[in-house]
Amino acid sequence: MAAHEITKGLGEVIKEVKEAKSVNEKIKILIANDSRELRGIFELAYDNRIKWALPEGKPPYKPLDKSFDNQGMLLSEMRRMYIFLEGKANMPQARREQSFVQLLEQLDPDDAELVLQAKDRKILGCSKSTVKKAFHADFFLDDPANQDTK
């Protein structure tokens, strides 16, 4: 990546996908922005083997002012997301929940909303089936443990 290129945040990518008019358009956007972090957010949302160690619903937090333009923060914070999953980090539940709120307050509002949607297992405008089509058989969603349950 050239030094003058600006990194597109995950929330921005999902916003583009959400605004796309067709599934094929959504798939093209996903493929064009493919990254370990993008696949990671889909794994957190759609991999049925992963269990969040956080209470249901939206925690009380103060969204970051959009003027901070903190789009790249979630890209670097993705490596720490394991602390919010069951059996992945030995920490008191109150500390885990406090850390999650602090994370949301540091992220760009679009990225914070994306993390909350991943926790709730539904990324608006980007369904599990669209992700499956975009990333084919090399993606975790083809594991039998991850078949859609309806």
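What pLDDT does the protein chain average, and what share of the residues score at least 70? This is a predicted model, so I looked that up before anything else. The protein chain averages a pLDDT of 88, and 86% of the residues score at least 70. I then checked confidence by helix: it is highest in α5, at 97, and lowest in helix α7 (residues 128–135), at a mean of 91.

**Entry: helix α6**

I turned to α6, residues 109–119, and asked how many of its residues are buried. The count is 8 of 11, so the helix is largely enclosed by the rest of the structure. I wrote down the buried ones: Asp 111, Ala 112, Leu 114, Val 115, Leu 116, Gln 117, Ala 118 and Lys 119. Which helices do they pack against? I found α1 (10–19), α3 (36–46), α4 (73–77) and α5 (93–106).

Next I looked at both ends of α6. Just past the helix, Arg 121 has a positive phi of about 70 degrees.

**Entry: helix α5**

I checked the span of α5. Its 14 residues reach 20 Å from first C-alpha to last, close to the 20 Å expected at 1.5 Å a residue. Its buried residues are Arg 96, Ser 99, Phe 100, Val 101, Leu 103 and Leu 104, and their cover includes α4 and α6.

**Entry: the nonpolar core**

Which members of the largest nonpolar core touch the most other members? Of its 40 residues, I noted Leu 38, Ile 41, Phe 42, Leu 44 and Trp 52. Two or more residues come from each of α1, α2 (23–32), α3, α4, α5, α6 and α7. The largest share, 6 residues, is from α3.

I followed up on Leu 44, setting aside neighbours within four places in sequence. Leu 44 is in contact with Ile 50, Trp 52, Met 78, Met 81, Leu 85, Ala 118 and Arg 121. Two of those names were already on my page: Ala 118 is among the buried residues of α6, and Arg 121 comes just after that helix.

Note on methods
Residues numbered from 1 in each chain as written. Predicted model: local features only at pLDDT ≥ 70, side-chain atom pairs only at ≥ 80, totals over all residues. Heavy atoms only, no water. Buried < 20%, exposed > 50% of the residue type's maximum accessible area, 1.4 Å probe, protein only. Helix = DSSP H or I, 4+ residues; strand = E, 2+ residues; numbered from the N terminus. Contact = heavy atoms within 4.5 Å. Expected span 1.5 Å × (residues − 1). pLDDT = per-residue confidence, 0-100. Core = buried A, V, L, I, M, F, W, Y, C linked by side-chain atoms within 4.5 Å.
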